[in-house]
Amino acid sequence: MRTPSRIEPLVADGLVDHVIRQLMSGKEAMVYVVQCGDEVRCAKVYKEANKRGFHKAVDYTEGRKIKNSRQARAMAKGSRYGRQEQEAAWQHAEVDALRVLAAAGVRVPMPYDFHEGVLLMELVTDEDGEPAPRLNDVVLSEDDARQYHADLVRQVVRMLCAGIVHGDLSEYNVLVDRAGPVIIDLPQAVDAAANNNARAMLERDVDNLAAYFGQFAPELQETAYGKEIWSLYESGKLRPESALTGVFQCEDGLADLDEVMQVIEAARKEEAVRQAGRTAAETPAI
């Protein structure tokens, strides 16, 4: 097929020989199967910010490290340079997360190069060497559902031990190769220690897994792995091989401080909006 313009610099630099075909088009990027020497890999071409369906909410970018103060100021001002730097930081977040997670033994595609907004990485394949299907396209038995659920919960634990929460994990962000589930799509990944929303995101990720696999093995819908995992992490006891039960019991009489602070912050923002409305209403038109 004709080489997309965004991949042409990789061809010019010798990173890609040619494009074999388009693999998919998602809310964040276009993915192509490409030939790189003797290997077949995939190239993820990120869409421009105004063409993406996934918006860079502050919930996800909170806690991310900025290279220098000039970039931070430009991002805060929303200048053209700042928007460019913000976009680059969004794309680099996935590259950085993939490298950290691959090193930690999490089942993610191996990243090779990142060049001109294109991520060159491993092509995850099935038993026949074809691109692996997404989890939502795989027919599961009860036993498969239980096994895949257990595998993914363990991957979530390994991710958190590496300091990362996926933030958008579901059956649409998991591929299934010959060895089982492989987690993909990480540009919204958050730093568990630096992002105040990390706990809620992790619990949502795990709840999404329970809801999906619970369609095939209903007892999984009653599990509470997310709360259990975060409790172990918060207490410093979480390890990649920590034994989990899926049962979590809050201590009676103890308030959930994070939840209380979230309620207080929500109330503060709501009052600020109301105050702004009152001020606008009381200001005479000119």
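Glu 116 is exposed in this predicted model, with a relative accessible area of 53%, where exposed means over 50% relative accessible area, buried under 20% and partly exposed in between, computed with a 1.4 Å probe on protein chains only. Glu 116 lies in the loop between strand E4 (111-115) and strand E5, and its phi is positive, about 55 degrees, although Glu 116 is not a glycine. Helices (H or I, at least four residues) and strands (E, at least two residues) are DSSP runs, numbered from the N terminus.

Because the model is predicted, local features need pLDDT of at least 70 and side-chain atom pairs count only at pLDDT 80 or more, while totals for chains, interfaces and linings use all residues. Residues are numbered from 1 along each chain as its sequence is written, and side-chain values use heavy atoms, with hydrogens and water left out.

Asp 185 lies in the loop between strand E8 (180-183) and strand E9 (190-191), and counts as buried at 18% relative accessibility. Gly 236, which follows helix H7, likewise has a positive phi, near 80 degrees.

**Overall composition**

The protein has 8 helices and 9 strands, and of its 286 residues 40% count as buried. Contact here means heavy atoms within 4.5 Å; of the contacts in the protein with a separation of 6 or more, 60% are accounted for by residues 24 or more positions apart.

Helix H6 (residues 198-213) has 16 residues, which at 1.5 Å a residue should span 22 Å, and its end C-alpha atoms are 23 Å apart, which agrees; the expected span is 1.5 Å times one less than the number of residues. Among the buried residues of H6 are Ala 198, Met 201, Leu 202, Val 206, Leu 209 and Phe 213, and also the charged side chains of Arg 199, Glu 203 and Asp 205.

Two packed helices are described by the angle between their axes and the distance between the axes. The axes of H6 and H7 come within 8 Å and cross at roughly 140 degrees, the axes being lines fitted to C-alpha atoms over the stretch in contact, with angles running from 0 to 180 degrees between N-to-C directions. The crossing is right-handed, a term for a near helix turned clockwise from the far one by less than a right angle, anticlockwise being left-handed. Ala 198, Arg 199, Leu 202, Glu 203 and Val 206 of H6 make the contact with Tyr 225, Gly 226, Lys 227, Ile 229 and Trp 230 of H7. These residues divide into 6 nonpolar, 1 polar and 3 charged, where Ala, Val, Leu, Ile, Met, Phe, Trp, Tyr, Cys and Pro count as nonpolar, Asp, Glu, Lys and Arg as charged, and the others, Gly among them, as polar. In H7 the buried residues are Tyr 225, Gly 226, Glu 228, Ile 229 and Trp 230, and they pack against H5 as well as H6.

**Around strand E6**

Gly 163 is found in the loop between H5 and E6, and its C-alpha atom is 5.9 Å from that of Asp 191, 28 residues apart in sequence. Leaving aside neighbours within four places in sequence, Gly 163 is in contact with Val 190, Asp 191 and Ala 192. Ile 164 lies in strand E6 (residues 164-165), and under the same exclusion its contacts are Ala 97, Val 100, Leu 101, Met 159, Ala 189, Val 190 and Ala 192. The C-alpha atoms of Ile 164 and Ala 198, 34 residues apart along the chain, are separated by 8.6 Å.

**Selected loop and strand residues**

| Residue | Relative accessible area | State |
|---|---|---|
| Ser 242 | 10% | buried |
| Ile 164 | 12% | buried |
| Thr 125 | 19% | buried |

Thr 125 lies in the loop between strand E5 (118-122) and helix H5 (142-161), and beyond four places in sequence it is in contact with Glu 130, Pro 131, Ala 132, Asp 177 and Arg 178. Ser 242 is in the loop between helix H7 (225-234) and helix H8 (257-282), and on the same terms it is in contact with Arg 154, Leu 232 and Lys 237.

**Cysteines**

A disulfide is taken as a pair of cysteine sulfur atoms within 2.5 Å, and by this rule the count comes to 0. The sulfur of Cys 42 is 9.3 Å from the closest cysteine sulfur, in Cys 36, and is therefore too far for a bond. Cys 42 counts as buried at 5% relative accessibility, whereas Cys 161 is partly exposed at 34%.
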